[in-house]
Every structure is written in C-alpha cells, then in structure tokens.
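Thanks, everyone, for making the time. Let me put the chain on the screen, and then I will walk through a few parts of the fold in turn.

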Amino acid sequence: MSIAIVGAGVGGLTAALSLHAAGRDDILVLEAARELRDVGVGINLPPHAVRELTELGLGDALDGVGVPTKELAYYDPAGQLIWAEPRGLDAGYKWPQYSIHRGTLQRLLADAVRHRLGESSIRIAQRVTGVDAGQGDKILIEAIDQVAERSVSYTADVVIAADGIRSPVRNSLYGSPVPLPSNGWVMYRGVTTSAPFLTGRSMVIIGDETQRVVVYPIADGVLNWLLVRPKDATSQVTELGNWNVPVSTSAIASFVKDYRFDWLDVHRLVASASEAYEYPMADIDPLPRWVFGRCALLGDAAHAMYPFGSNGASQAILDARVLAYELANAANIDDGLRAYEAHRRPVASEVQLANRRQAGDVMARVSTMARRGAHGDAATELQDVERRYKQLAGFDVDALNNRKSWSVSGALPQTA
Ligand SMILES: Cc1cc2nc3c(=O)[nH]c(=O)nc-3n(C[C@H](O)[C@H](O)[C@H](O)COP(=O)(O)OP(=O)(O)OC[C@H]3O[C@@H](n4cnc5c(N)ncnc54)[C@H](O)[C@@H]3O)c2cc1C
C-alpha cells in the first residue's frame, strides 16, 4: 500500500514515522517549502505528546534539544502570582513536558524520517494543489514543482493531508475553502537571548482578559514569548493562517511597558527580541468529516486551534500515532481510516472549542476575581480549568500514565 503524506510539518513527519513503525514502508512526504528551515518560534510538548515521540524512539534526541518544563504559573498584570502547578516529571508523569523551537523539532523529526525511510522519502518544493480520487484504484495528487516551475502528479493508495491550517487538500475535498474564523485578537511572538528566570524551567502566563503574555525558555539562554491582545491599528496583517509575517518589536514593546517585575522584565524581553512575528488569531470550526474515501485529514488541516493550552502540535502527534495504530488493527484500509476518524475527531473537536473558551471566558472570570483581590478563588478556578482541560486533551496524569500504548506490537520502531 503506498501512502502519500502532504506536508512535512510536525503532524506529517510524525505520521511518516508512526506508519513506518507500524510496518509500512511505501511512504512519500510531499512538502511545499523549498527547504526545511528552522521556521516558527517556540512550541510546547506536554507529556502525552512526549510519550508518543518517546515510543517512536525519539526520547533521547528530544531530551537533548528540549527544555523540560518544571512549572506553569499564572500571574496578574501587576506580577503577583495567582496560581502555579508542577509540570512534566515534577507533576508525576512518566514522561517530561518540553518547550522547544518548532524548527528544531521539525528538523529532529525530518532527520529521523530520512534515516529510517530513506533520503528520498521527503520530497521538498512540491506544492500540492489538490487530489482526485476518481482515478481507478489510485488517488491522483496534483502538485507544482516549485523549482522546475511545472505541474507534476503523483499517485497513492492513501493520502494523508497534513498541510496545515490553510490546507489546500482539505479545501479541495470540501469543495471550497474552509473558513478561518478569528476572534479579532492578534498574537505577536518572538525569541530573545536572555538570562533564565524563576526556576529556569518555568512557563508563565501574565495578564488579564485585555492582554496576555506567555514566556518560557526553549534553549539555554533563549526565551520564547507570546503577546496576545485585541487587534488595533498597530496590526497591519489581514491574511489569516500565515505564520511567517515579521513584525517590528519597537511597535509592540509599549504594550508591555508596565510589565517589569523583579523576577522578569517583559518589556525588555519584547523590545530586544532577535526575531518577532505577527499572527492574527485564527482557527477552524470543528469539522463534520476528516475522511473522504482514502484521503484523511491530520493535524491543523483537520483541527487548527487557537494556541492556548499547548496542544496544537500535540494533537497532531496524537493523530499520527492513532492513524498508524488504527490502520494496523483494522481488517482493511477503509475500516482503519474510519476508526481513526472515530477515535480522534471527537477529542480534537473538544480541544478546539476548549481553546476558544480559554481565549475568552476563562481569562475574564479569573481576572475579575484577581482584581477583587480574591487570588485564592482565581487559583481554584484555574486549577479546575486546567484539570478539565488535561482530561479532554489526553494528559490527565493517571489516565496517561496508565493508558495502553498505541505502538503496534510486532513492529517495533528502529532507533534513530
Ligand atoms: C512556518 C510555520 C511556523 C509556525 N510557527 C509556529 C509557532 O511559532 N508557534 C506555534 O504555536 N505554532 C506554529 N506553527 C503551527 C504549528 O506548527 C502547528 O500548529 C502544529 O505543529 C501542527 O502541525 P501540522 O503539521 O498539522 O501543521 P504545520 O506545522 O502548519 O505543517 C504543515 C506543513 O505543510 C506544508 N504545506 C502547506 N501547504 C502545502 C501544500 N500545498 N503542499 C505541500 N505541503 C504544504 C507546510 O509548508 C508545512 O510544512 C507554525 C506553522 C508553520 C507552517
């Protein structure tokens, strides 16, 4: 069975590794970019994602490049602690939580794919424009070769669309572009060379319902930050779903001019960033369908979500592992793809909706309590929100530690 995966992002590459670990070897990854550069800034991998990558044989490699998060802490805009909880191994998980540069993670996964599946298993500069399932037994994949500047086509028995939030493959399967709704907020994100703060492995969320800042280390001496606030005249970007729009930090540092605490100078962090990007917040509504014949959606193509809750990459990784598991355990490909959708779509849809709530109501409720000086009530509320979120996203500590593995028995992964 030949499998074409469209998109060499976190989801597509993990799908290639998972399918290979489950015994498939006829896999081709088609990627639009002309090279796999270290694009993006930091992302988080909570223990449910780290478990899957560890079971793919990547635990040591990940440990060599990720920062194991020790705690998550919420602060009000005056820099006063509302609530903190341990994370990763410190919270009793069998697997760590890591903060990592997205590009570093993508490179680690791409290296493992090339090592295990062969150098030619990832074909770059192939921008897929659509798929046609009406070509006999095979699916026809239309693409543009970005270097030769000509149309090319591929065929496969199964196509996995892991081509991100704007997914051309998803849009062609749905017959029209799936809308990207926005809540009218903008996310500025960047990285800054800086000394460690708090435990050296803390992730902090500072602010209220009018503006929020998230900071965490992604390497020795490198802090990643996000600044999320309603769109105003500072933001000129109208295109949704483009992660690569640079922004001048001088324009946005004034938003955090009062965020100078003795434990972290957020204003300095933003003002002196080495790179920063602007991203109008966008997601998609939960989709009614992920599988169209032998084409399946995966990762952001299936369930792009607001980046609250550290679960964008993680849910893509879970999709990839479940896809391989269900295909290996089904009587045939069609049953396997249906089982994948039945397993993953309800969960990922709930996470999408929860991330919308985190972006809105939750912060408003908590901030109202904090402003009244009721930090204890705000802490209880946050603790409850986080507990429920972990349950629905798949990283409740006991459930995760005791859940059976999605590795396919008899087809153990090679080490990279
Ligand atoms: C350049 C970039 C930077 C990002 N930066 C951040 C960040 O800083 N913080 C954060 O939280 N999230 C970031 N994200 C999103 C984050 O990586 C995803 O939310 C998450 O990892 C899920 O991954 P995914 O594989 O589903 O999608 P993505 O990571 O978006 O990967 C999709 C892949 O498909 C490729 N692709 C798209 N269209 C086509 C096509 N027509 N044909 C072939 N290939 C195609 C893309 O080039 C990309 O490699 C970024 C995504 C991208 C693409």
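**The sheet, a covered helix and the ligand shell**

In β16, leucine 226 is the bridge partner of valine 214. Please keep in mind that this is a predicted model, in which local features need pLDDT of at least 70, side-chain atom pairs count only at pLDDT 80 or more, and totals for chains, interfaces and linings use all residues. Residues are numbered from 1 along each chain as its sequence is written.

Strands β15 (residues 211-219) and β16 (residues 222-230) pair in the antiparallel sense over seven bridges, where pairing requires that DSSP finds at least two bridges between two strands, and where strands (E, at least two residues) and helices (H or I, at least four) are DSSP runs numbered from the N terminus. Both belong to an open sheet of eight strands with mixed pairing, in the order β6-β5-β14-β15-β16-β13-β18-β17, and its edge strands, β6 (81-86) and β17 (245-246), each pair on one side only.

Turning to helix α2 (residues 47-55), seven of its nine residues are buried, meaning that 20 or more other C-beta atoms, placed from the backbone, lie within 10 Å of a residue's own. Those buried residues, among them His48 and Arg51, pack against β3 (42-45), α3 (59-65), β7 (98-101), α9 (312-329) and α12 (397-402), with contact taken as C-beta atoms, placed from the backbone, within 7 Å. After α2 comes glycine 57, whose phi is positive, near 85°.

Finally, which residues come nearest to the ligand? Of the 31 around it, these are Gly7, Gly9, Gly40, Gly164 and Gly299, a residue being near if its C-beta atom, placed from the backbone, lies within 6 Å.

Key:
Buried ≥ 20, exposed ≤ 12 C-beta atoms within 10 Å, placed from the backbone. Contact = placed C-beta atoms within 7 Å.
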